[in-house]
Amino acid sequence: MDKYNIIKVNASHKYNVMVSNGMLHELGGVMSKLFDRCSIAILTDDIVDALYADTVIKSLEANGFHCIKHTIPNGESSKNMDSVLSFINFMASEQITRSDMVLALGGGVIGDMAGFASAIYLRGIKYIQVPTTLLAAVDSSVGGKTAVDISAGKNLIGAFHQPVLVFCDISTLNTLPANIMRDGFAEVIKYGIILDKELYNNLLKKDSALLEQIISRCIEIKRDVVAADEFDKGERQLLNFGHTIGHSIELLSNFTITHGEAVAKGMVIAAKLGKECGYADVVEPIKNIVEMYGFDTYCPYSATEIYKVALSDKKRDKNNITVVLPESIGKCVLHTISTEELYNLLNRIKL
Ligand SMILES: NC(=O)c1ccc[n+]([C@@H]2O[C@H](COP(=O)([O-])OP(=O)(O)OC[C@H]3O[C@@H](n4cnc5c(N)ncnc54)[C@H](O)[C@@H]3O)[C@@H](O)[C@H]2O)c1
């Protein structure tokens, strides 16, 4: 088998996602074939720094790249403008120019911030994603959405800025704590439900030997959705399956319910909404698979509580809201309803 599975992304510019199992030490060699020698500003967090930064830097420097590294505390609370500005100031003080590059080494928090910093520094420089969480591998590292959080909400400042390469070594997931790995599986399951029944069926096997294949398939699905709708005007909204209700649950819990747990609950509720709207009844298959991956599907909030928070969803348009509902396993649709209808539906189903 080839060392790399290469997935070509055709967005506003073309780039490859290279998926491997154990090739992190080859990053410098790969980059030397693709890019001119330059300085590389690495953004990482303290946990990932201790685990993988040495391998990355050694590999890049052995291939003639000059590395500088900026490390921030791990976690969502770092994903803010202060951290982005400190990274940008660091790059400026190290005289990073437009012919240099940024490298995001870490999960979605690092990827989103490094991407945003490279979108705005010098009006945009190139960046590379080296995802080290399951969520970052299958979702945030591909597609060019970058963002930071502000006090008014998550991801409210950002830019579309595609990376020039995504280099995903799935062996880095071996050090991921089980709860963070599980959270990533909520997004993996989501891809199966929205667009690929075969992926859903493979997930039912719970076979770790299939992980690389499963990750690659998720990236292909994300690639296809991004190619069809890079700027999130239509089809890309399918990726929000389970997220409208999930975000409400996450917010209501004050983030004590994690994103993955909330999305898992949100997907089950979306299936109930779909059934109520006359689409197929796929509540049990969705409930089964999320429970199989260790998620609890109990919703601790009332319909009214969820509805109130869902109204602040970014996707709401005046009095209408678009929810993603399953038509069958492997096929979801965008369903636009009035906010009043959403309220009535939420009250009719058993959350
Ligand atoms: N841009 C997008 O399209 C997009 C899509 C989905 C989510 N996101 C964003 O992604 C973020 C969540 O990403 P995440 O779940 O990767 O969280 P994260 O980046 O906070 O990583 C989770 C934790 O895992 C640790 N970690 C990372 N890699 C590790 C490894 N290999 N071994 C051990 N520990 C490791 C990190 O230090 C951190 O503590 C959110 O901010 C979300 O908004 C963005």
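Predicted model: local features only at pLDDT ≥ 70, side-chain atom pairs only at ≥ 80, totals over all residues.
User: Into which domains is the chain divided, and how far apart do the C-alpha centres of domain 1 and domain 2 lie?
Analyst: Domain 1 covers residues 5-176 and domain 2 covers residues 184-348. Their C-alpha centres are separated by 27 Å.

User: Which element gives the most to the side of domain 1 that touches domain 2?
Analyst: The contact takes 19 residues from domain 1 and 17 residues from domain 2. On the domain 1 side, β1 (5-10), β2 (14-20) and α5 (134-140) each supply at least two residues. The element that gives the most, with five residues, is α5.

User: How do the residues of the side of domain 1 that touches domain 2 divide by class?
Analyst: Domain 1 brings 19 residues to the contact. They divide into one charged, six polar and twelve nonpolar.

User: Which elements do the buried residues of α2 pack against?
Analyst: The buried residues of α2 are Val48, Val56, Ile57, Ser59 and Leu60. The elements they pack against are α1 (27-34), β3 (39-45), β4 (66-72), β5 (101-106) and β6 (126-131).

User: Is α4 largely enclosed or exposed, and why?
Analyst: Helix α4 spans residues 108-120 and reaches 18 Å from its first C-alpha to its last, close to the 18 Å expected. Its buried residues include Gly108, Asp112, Phe116 and Ala119. Because twelve of the 13 residues of α4 are buried, the rest of the structure leaves this helix largely enclosed.

User: Which residues follow α2 and α4 with a positive phi?
Analyst: After α2 comes a residue with a positive phi near 90°, Gly64. After α4 comes one with a positive phi near 50°, Leu122.

User: How many residues surround the ligand, and which are the closest?
Analyst: The shell around the ligand is made of 30 residues. Elements giving two or more residues to this shell are α2, α4, α5, β8 (153-160) and α6 (178-195). The closest residues are Asn74, Gly107, Gly108, Thr133 and Ser140.

User: How many charged residues does the shell around the ligand have?
Analyst: By class, the shell holds twelve polar and ten nonpolar residues. The number of charged residues in the shell is eight.

User: How many residues of α6 are buried?
Analyst: Helix α6 has 18 residues, and its reach of 26 Å is close to the 26 Å expected. The helix is mostly covered, and the number of its residues that are buried is 13.

User: Leaving aside neighbours within four places in sequence, which residues is Leu195 in contact with?
Analyst: Leu195 is found in helix α6. It counts as buried because it has 23 C-beta neighbours inside 10 Å. Lys154, which is 41 residues apart from Leu195 in sequence, is 26 Å from it in space, C-alpha to C-alpha. With neighbours within four places in sequence left aside, the contacts of Leu195 are Ile221 and Gly330.

User: What is the phi of Asn155?
Analyst: Asn155 is found in strand β8. It has 15 C-beta neighbours inside 10 Å, so it counts as partly exposed. Most residues other than glycine have a negative phi. Asn155 is not a glycine, yet its phi is positive, about 55°.

User: Where does Asp232 lie, and what is its phi?
Analyst: Asp232 lies in the loop between α8 (211-228) and α9 (243-252). It is partly exposed because 17 other C-beta atoms are within 10 Å. Although Asp232 is not a glycine, its phi is positive, about 60°.

User: Is Glu284 buried or exposed?
Analyst: Glu284 is found in helix α11, residues 283-292. Thr244 is 40 residues apart from Glu284 in sequence and 20 Å apart in space, C-alpha to C-alpha. With 10 other C-beta atoms within 10 Å, Glu284 is exposed.

Notes. Residues numbered from 1 in each chain as written. Domains from an automatic or database assignment. Contact = placed C-beta atoms within 7 Å. Helix = DSSP H or I, 4+ residues; strand = E, 2+ residues; numbered from the N terminus. Nonpolar A, V, L, I, M, F, W, Y, C, P; charged D, E, K, R; others polar. Buried ≥ 20, exposed ≤ 12 C-beta atoms within 10 Å, placed from the backbone. Expected span 1.5 Å × (residues − 1). Near = placed C-beta within 6 Å.
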